[in-house]
Amino acid sequence: MAGASSPAGTAQGRGPAFKYDLLTALGAHACRSDKHAQRLVLRLMTLVTARYDWRHDRLSTGQREIAALWAVDERTVKREMAKLRERGWLVLRHPAARGRVACYGLGVPAILADTCGAWGAVGPDFEARLAGPVPEGQGANVIPFPEGSGPGGEAGMTGPWGEVAARFRAADAAAHAAWIAPLRFEGVADGVLRLRAPSAFHASFVRTHLAGTLADLARGVASSVEVLA
């Protein structure tokens, strides 16, 4: 499946509880969305719950069967499935062929990226689970870093990164545990404090949601913060 080397890769290997976390993330995201997005998410959740093979990351159901499940016509199914592919929530693995329906995989990285803004409403433990490192075998190029592993890392509370991370933890312990503690300090050069995240998704989340806070906390240490994957 495309995206297998991403932070979440696929649903395979994540443990039986992951399916519920993923559906919870979708549901929480839908509750914060408009009615059109809510309907699309509800349809995906219903299809996944009814027909998705979590063990093999496979969804092979004909348009007629999906139409019956969703109580719509097949043209609506075609349109909605196209929307799900465009979002990356469904990934086409094998197109439909004579006598065979299309086979899809679940686009876990795209779902996580699109729903992460709603994780905090579920709780810090939920955020930490979904933001955690990839289980062994799920993306060999993603290496989780232990807390405070870099030079001047947080473990000893020394060096520029230790100071910045300690300030962040004092302000928001839950976000620190989920997103800041796994970052590795790589140094300060030309006024830029460089950090490395354990995955591309983790880096993207920090850049999008926490970079401003980190930059504010790093004043006096660096003029900007760069988060690498």
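Biologist: At roughly what angle do the axes of helix H8 and helix H9 cross?

Modeller: Bear in mind that this is a predicted model. Helix H8 covers residues 159–171 and helix H9 covers residues 173–180. Their axes come within 6 Å, and the crossing angle is roughly 135 degrees.

Biologist: And which word describes how H8 and H9 lie to each other?

Modeller: Roughly antiparallel would take an angle over 145 degrees, and roughly perpendicular covers 65 to 115. The H8 and H9 axes cross at roughly 135 degrees. So the word for H8 and H9 is oblique.

Biologist: Is Cys116 buried or exposed?

Modeller: The cut-off for buried is under 20% relative accessible area. Cys116 has 7%, so Cys116 is buried.

Biologist: How many disulfides does the model have?

Modeller: A disulfide needs a pair of cysteine sulfur atoms within 2.5 Å. By that rule, the count is zero.

Biologist: What pLDDT does the protein average?

Modeller: 82% of the residues score at least 70, and the average is a pLDDT of 81. Residues 1–10 fall below 50, though that stretch has 37 contacts beyond near neighbours in sequence. Residues 134–157 are also below 50, with 57 such contacts. For the protein, the average stays at 81.

How values were computed
Residues numbered from 1 in each chain as written. Predicted model: local features only at pLDDT ≥ 70, side-chain atom pairs only at ≥ 80, totals over all residues. Heavy atoms only, no water. pLDDT = per-residue confidence, 0-100. Contact = heavy atoms within 4.5 Å. Buried < 20%, exposed > 50% of the residue type's maximum accessible area, 1.4 Å probe, protein only. Axes fitted to C-alpha atoms, helices over the stretch in contact; angles between N-to-C directions. Helix = DSSP H or I, 4+ residues; strand = E, 2+ residues; numbered from the N terminus. Parallel < 35°, antiparallel > 145°, perpendicular 65-115°, else oblique.
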